[in-house]
Amino acid sequence: MLSLIRNDYCVTDAVKFALGELEKVLSDDKVLQLEVKQDDTIEEQGYHLTVEGDRFQIIGGDEAGVMYGVLDLAKKVEHNGGIKGIQPASVTPYIKSRGIKFNIPLDARTPSYSDASDSASHNIENMWDPNFWTEFLDRMALNKYNTLSLWTLSPFPSLVRIPEYPLVSLDDVKRTTRPFKASLEGRNMYSPDFENSLVTVKKIGIDEKISFWQWVMEYAKARCIQVMIFTWNLFSFGTEHNPYGITDRQDNPVTKDYIYCGTKALMHTYPLLAGIGVTAGEDMFRDETDVPFIADSYGRGIRDVLAETPERPFRFIHRMQMTRYDSIMKEFEEFPCPFEISFKYSQAHMYSNTRPTFIDDFLEEKNPDVKIWLTVRNDDFYMYRWGDPEFAYEYLKQMPVSCMQGFYMGPDGYTWGRDYMDKRDMSHPLFIAKMWYMFMIWGQLSYNLQLPREYFEHEIKNYFGINQEQLLYDTWKAASDIVPEVNCTHWHDFDFQWYPEGCCMYEPQTDKLVFADINEFISCRSVPGDNYLSVEEYCRQKAADENSDKITPLEQAESIWNHAETALEGVGKLLEEGTAGKELMNTLDDIQALGYLGYYYSLKIRAAVSLCMYRMTGEASQQEEAVALLKQAEGYWKMYSRKSKEMYKPQVLTRLCGCVDVERFNEQAKLDVLLAMEK
């Protein structure tokens with residue numbers, strides 16, 4: 001039972017939410033006396049917890065600090081099984097802004113970058129459902145994410161009335177019955193053949209749409225979450241057949257004015273909008289006119305609105321894509337609000353090296369006073385539940401936190417709405433609910449990096465109601481380490497170039513979705529940096545009898561095999577308990593599939609080394625070994641594809657420009673053997 005000690009602090013909606021979570025874990029026969037207050041001498045989002053017997057006090061640096069303090073107290077009570085033994089604590093945020101990158105499918109007519117996909121199409125209607133956002137934002141707050149970035153190619157027609165362009169606004173929410181054929185640069189997300197094949201999935205006028213998104217931002221604020229809108233440029237989806245002359249060309253003065261007026265309309269319509277992010281490049285000229293266009297459209301719009309309301313908190317974020325840092329800073333000198341730079345930290349694969357090196361040159365170039373945001377792209381796990389707190393700890397610990405404002409984590413190739421891929425749960429849970437452990441790990445650790453292993457073991461124990469939390473922790477961790485280690489030896493920068501759950505890639509030059517065969521594994525480089533050797537690098541050094549301190553492909557293959565073995569043995573032991581509920585069974589099935597995939601990749605990397613050595617030296621035994629390894633690998637691929645197909649539907653994925661069906665690659669895994677036999 002909770003007894004709130006009255007004081008002069010006004011309990012806000014955010015704090016009430018946290019108090020509700022605390023009440024859920026308290027027993028009725030024990031009274032917890034709690035005083036909450038705010039002290040602005042404490043760092044924002046931080047708090048102090050003091051304990052005197054059954055009396056607790058939480059002093060937060062601001063509303064968020066109080067909320068997080070109460071939520072953490074609820075976790076302590078839950079993990080301890082009561083209030084006895086809870087110790088005082090002081091916590092300050094490790095990273096100030098902890099965000100979700102959400103490519104939002106608002107409407108077939110105003111798509112995002114992920115929208116030529118099954119996941120986006122299924123989720124269009126959900127984006128206009130208050131129940132979706134209530135659960136989504138609550139889960140964000142529980143895991144201490146405080147930034148929601150909504151990414152869209154063309155936001156204005158679905159979100160605002162633009163006084164200067166009134167006929168651009170779109171009523172209703174529509175999907176298309178036509179198949180998708182996306183390009184890698186955002187074009188054709190909405191194409192002319194869609195126009196006669198649109199179906200209305202929600203009847204709603206533009207004014208109702210505006211009211212809805214104002215409510216979303218108000219609800220987010222009540223969970224201490226800021227909402228920002230990001231665009232790629234330059235797209236004019238939703239303005240087809242407009243009478244104004246709007247096009248997607250930056251040398252069109254009408255288009256520039258449309259973006260300028262749309263930016264002002266966004267800011268006027270949504271006073272709680274916390275910022276706008278932009279990209280120079282996706283459908284622009286990619287020359288010296290790109291950044292000036294952005295400065296004279298988005299930038300000018302922000303300047304003008306802030307001149308009217310100079311006290312308004314707002315930030316403008318420019319991504320370091322397809323342009324140069326010096327050209328950005330030249331155009332945005334003396335900007336009237338925080339002007340920050342966003343960098344794609346691990347390219348498309350955050351599950352790889354825990355210390356990516358792509359940002360190193362930029363950090364030396366940039367002005368020390370300029371804060372940065374890291375785009376942390378997860379285009380590795382669309383199907384399987386990931387969970388390794390130790391990987392996340394190492395990754396977060398090595399971020400350049402001293403010059404960061406924050407990060408946002410998310411994919412481009414999949415939509416984090418409701419899950420329609422899993423055959424085992426037709427209730428279509430929110431993706432962040434299905435992936436609860438992954439989101440909990442990254443959110444909680446990025447707020448408090450000092451959380452121990454026991455914290456996560458308690459979470460596993462309470463979530464599944466089991467007494468084998470240590471075994472499940474280790475089993476889950478082992479399975480989750482397979483893809484990151486594969487990615488370190490077999491590296492491609494971009495999501496379309498490599499999708500590890502499917503062992504496939506899209507080739508723009510042939511317009512084909514292809515299986516990554518043994519030749520590709522031989523020629524592929526390792527992750528940039530100084531830690532890993534690729535297959536070819538290793539074989540050249542071995543043929544020359546040279547040594548290296550770098551991790552070799554064979555060492556990686558052995559490690560991947562060991563992870564797979566640990567994962568599968570752990571699944572077996574957990575199943576022996578015989579008490580696994582549905583959610584635990586689904587998790588163990590995912591772990592088992594990753595175990596089979598790990599065996600496959602381990603054997604394929606070893607085969608790539610043997611075949612590469614054969615091609616360099618002509619030694620027949622190396623070819624024989626490669627063939628034998630690939631025959632064994634084929635068996636594991638079939639085990640993997642069968643298991644995966646039992647659980648997950650094949651999916652059209654935007655960035656793969658096609659439908660990924662792992663079972664259809666069985667034949668390619670078999671042909672790999674014949675490929676290795678070629679002289």
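Of the 679 residues in the chain, 63% are buried, where buried means under 20% relative accessible area, exposed over 50% and partly exposed in between (1.4 Å probe, protein chains only). This is a predicted model, in which local features need pLDDT of at least 70 and side-chain atom pairs count only at pLDDT 80 or more, while totals for chains, interfaces and linings use all residues. Residues are numbered from 1 along each chain as its sequence is written, and side-chain values use heavy atoms, with hydrogens and water left out.

**Whole chain**

The chain has 22 helices and 19 strands; helices (H or I, at least four residues) and strands (E, at least two) are DSSP runs, numbered from the N terminus. The radius of gyration is 26 Å, close to the 26 Å that the globule rule gives for 679 residues, so the chain is as compact as a globular protein of that length. That radius is taken over C-alpha atoms, and the globule rule is 2.2 Å times the number of residues to the power 0.38. Along its principal axes the C-alpha trace spans about 80 × 70 × 50 Å.

**The barrel**

Next, select strands β6, β7, β10, β11, β12, β13, β14 and β15. In the order β6-β7-β10-β11-β12-β13-β14-β15 they form a closed barrel of eight strands with parallel pairing; two strands pair if DSSP finds at least two bridges between them. Neighbouring strands of this sheet are turned by 25° against each other on average, direction ignored.

Pick F230 to find G277 of β11 opposite.

**S644**

Move to residues 620–647, which are helix α21, and select S644 within that helix. Is S644 buried or exposed? S644 counts as buried because its relative accessibility is 1%.

Leaving aside neighbours within four places in sequence, S644 is in contact (heavy atoms within 4.5 Å) with M383, Y384 and V662. Show the side chains of S644 and Y384: a polar contact of 2.8 Å joins them. A polar contact is a pair of N or O atoms within 3.5 Å; within protein, one must be able to donate a hydrogen and the other to accept it, and residues adjacent in sequence count only if both atoms are side-chain atoms.

**S191**

Last, select S191, in the loop between β8 (173–176) and β9 (198–202). S191 counts as buried because its relative accessibility is 11%. Its side chain and that of D193 are joined by a polar contact of 2.4 Å.

Terms used: Axes fitted to C-alpha atoms, helices over the stretch in contact; angles between N-to-C directions.
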